[in-house]
6 protein chains.
Amino acid sequence: MSQSIVAINARNQFRGKIKEIIAGPVVSEVDVETPAGIVTSVVTSRSIEDLGLEVGSEVLTVFKSTEVLLAKL
Amino acid sequence: MSQSIVAINARNQFRGKIKEIIAGPVVSEVDVETPAGIVTSVVTSRSIEDLGLEVGSEVLTVFKSTEVLLAKL
Amino acid sequence: MSQSIVAINARNQFRGKIKEIIAGPVVSEVDVETPAGIVTSVVTSRSIEDLGLEVGSEVLTVFKSTEVLLAKL
Amino acid sequence: MSQSIVAINARNQFRGKIKEIIAGPVVSEVDVETPAGIVTSVVTSRSIEDLGLEVGSEVLTVFKSTEVLLAKL
Amino acid sequence: MSQSIVAINARNQFRGKIKEIIAGPVVSEVDVETPAGIVTSVVTSRSIEDLGLEVGSEVLTVFKSTEVLLAKL
Amino acid sequence: MSQSIVAINARNQFRGKIKEIIAGPVVSEVDVETPAGIVTSVVTSRSIEDLGLEVGSEVLTVFKSTEVLLAKL
């Protein structure tokens with residue numbers, strides 16, 4: 001298990017609990033239950049192992065503002 | 001103003017109201033008030049104009065699951 | 001099936017028909033035939049189901065301008 | 001001017017001519033005329049300089065399939 | 001200043017010192033000197049303020065494996 | 001095998017040798033040994049074939065500055 005402890009900017013983050021992991025041979029889907037609803041992340045299956053993540057783990061979902069698309073309702 | 005009307009997958013979306021726009025010559029920062037907190041998006045200043053966005057507009061912030069990083073608390 | 005109907009900025013979009021879907025356990029590759037050639041998208045297999053996409057479906061491929069890399073010929 | 005000569009995968013590429021550059025202090029918008037329509041890229045103003053890009057330059061716009069969002073018409 | 005303390009996966013990270021910040025009205029370019037060379041990041045000018053970053057600050061540059069493009073030499 | 005020969009901006013690139021490929025049905029993980037450490041890329045399994053990549057191949061790992069997140073140590 002290999003990790004870095006860091007401080008990150010607190011924008012575009014949702015804290016939650018892992019509700020489900022759909023494991024694949026290369027990447028896995030991680031569904032995180034946050035106050036805002038389910039946030040879905042696709043990460044390498046190896047990084048899930050490196051961080052020791054499992055259903056119930058408390059995680060932070062983070063995304064950059066340059067990745068956010070705006071649509072008009 | 002040029003738009004496409006489409007149906008998108010309802011995951012990783014937060015609906016909200018634009019609270020602030022920091023306009024720049026090329027890109028602008030759009031801060032959207034959602035039930036989950038502020039979601040910040042950086043888009044081209046032209047696309048804000050194309051969509052006719054302004055403070056108070058109802059928007060959907062969308063991001064792909066492949067863009068979401070997981071961090072452990 | 002869960003969808004949102006929205007208006008999005010009409011830049012960096014190519015409309016086309018799905019020509020092939022390579023389905024995987026977590027993510028799938030979707031090849032879309034557009035006037036500009038094949039545009040390939042990798043999305044979660046779940047979102048393909050949520051949107052009811054299949055070979056022949058009419059879709060819009062969308063990407064942000066911040067994701068586009070420029071190379072010189 | 002600093003460059004690398006490489007071979008890249010030929011999917012999700014559109015070849016075109018730069019039609020307009022909106023220069024900013026940090027990033028610039030580059031609008032490329034391709035057979036498929038205008039592809040817009042936001043890159044650092046420094047990289048435009050490094051590659052010697054200007055209106056009329058022939059470029060390749062490249063994006064990863066993991067960045068492409070699918071919407072249903 | 002608003003931050004979250006987290007553990008992140010140790011792949012695709014380069015530790016370094018900020019060598020230069022090109023500040024813009026919306027986004028800024030941050031050039032980080034790492035053992036591997038300069039890594040350039042474009043982030044919102046606000047997040048630089050939120051994290052209290054300045055020339056000489058020790059930072060970690062992080063990027064997802066889904067964002068990395070492969071080219072052949 | 002289908003490729004384009006191009007010149008790209010020399011920032012945010014790490015040259016290395018492929019150390020391992022974890023092949024999946026849709027995407028594969030490619031681990032590249034660079035002077036800076038291992039850089040991991042997730043690309044479509046098809047693009048690995050298109051470029052003829054295998055363990056030992058010399059490649060360039062490239063990522064955009066807008067994709068790089070900054071964390072404070």
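Strand S5 (residues 58-62) of chain A and strand S6 of chain B pair in the antiparallel sense over four bridges. Strands here are DSSP runs of E with at least two residues, helices are runs of H or I with at least four, and both are numbered from the N terminus. Two strands count as paired if DSSP finds at least two bridges between them. Within this pairing, A:Thr61 stands opposite B:Leu70 in S6(B).

A word on the model comes next. It is predicted, so local features need pLDDT of at least 70 and side-chain atom pairs count only at pLDDT 80 or more, while totals for chains, interfaces and linings use all residues; side-chain values use heavy atoms, without hydrogens and water. Residues are numbered from 1 along each chain as its sequence is written, with chains lettered from A and ligands numbered from 1 in the order in which they are written.

Now look at one chain by itself. Chain A has one helix and six strands. Along the sequence they follow the pattern β-β-β-β-α-β-β. The C-alpha trace of chain A spans about 40 × 25 × 20 Å along its principal axes.

Return to the interface of chains B and A. How many residues of chain B are in contact with chain A? There are 34, and they touch 34 residues of chain A. Contact means heavy atoms within 4.5 Å. The size of an interface is often given as the accessible area lost when the parts come together. Chain B and chain A bury about 3,200 Å² between them. That buried area is the accessible area (1.4 Å probe) that two parts lose on being put together, summed over both. Carbon and sulfur atoms carry 62% of it. In chain B, B:Leu70, B:Lys72 and B:Leu73 lose the most area to chain A, together 22% of what that side buries.

Charged side chains also meet here. The rule finds four salt bridges across the interface of chain B and chain A. A salt bridge is a side-chain nitrogen of Lys or Arg within 4 Å of a carboxyl oxygen of Asp or Glu. A:Arg11 takes part in one with B:Asp31, at 3.8 Å from N to O. A:Arg11 also meets B:Glu29 in a salt bridge, at 3.5 Å. This pair crosses from the loop between S1 and strand S2 (13-22) of chain A to strand S3 of chain B. Over all chains, the structure holds 36 salt bridges.

Between chain B and chain A, 16 residue pairs are in polar contact (both at pLDDT 80 or more). Such a contact is a pair of N or O atoms within 3.5 Å; within protein, one must be able to donate a hydrogen and the other to accept it, and residues adjacent in sequence count only if both atoms are side-chain atoms. Which strand gives the most to the side of chain B that touches chain A? It is S4(B), with six residues. By class, that side divides into 19 nonpolar, eight polar and seven charged residues. Ala, Val, Leu, Ile, Met, Phe, Trp, Tyr, Cys and Pro count as nonpolar, Asp, Glu, Lys and Arg as charged, and the others, Gly among them, as polar.

How are the copies arranged? Two copies of a chain are related by a rotation about an axis and a shift along it. A rotation of 180° with 0.0 Å of shift along its axis superposes chain B on chain A (RMSD 0.0 Å). That is the relation of a two-fold axis. Copies are superposed by least squares on the C-alpha atoms of residues with pLDDT of at least 70 in both. Of the residues of chain B, B:Ala36 comes closest to the rotation axis, at 2.3 Å (C-alpha). The same surface serves both copies: 100% of the contact residues of chain B recur in chain A.

Chain F brings another relation. A rotation of 120° with 0.0 Å of shift along its axis superposes chain A on chain F (RMSD 0.0 Å). The two copies are thus related as by a three-fold rotation axis. In chain A, the C-alpha nearest that axis is that of A:Thr66, 3.8 Å away.

Here 13 residues of chain A are in contact with 19 residues of chain F. The two chains bury about 1,200 Å² between them. A:Val26, A:Arg46 and A:Lys64 lose the most area on the side of chain A, together 45% of what that side buries. A:Arg46 also forms a salt bridge with F:Glu20, the closest N and O atoms being 3.0 Å apart. Strands meet here too: two bridges join S1(A) to strand S6 (residues 69-72) of chain F, and the two run antiparallel. A:Ala7 stands opposite F:Lys72 in S6(F).
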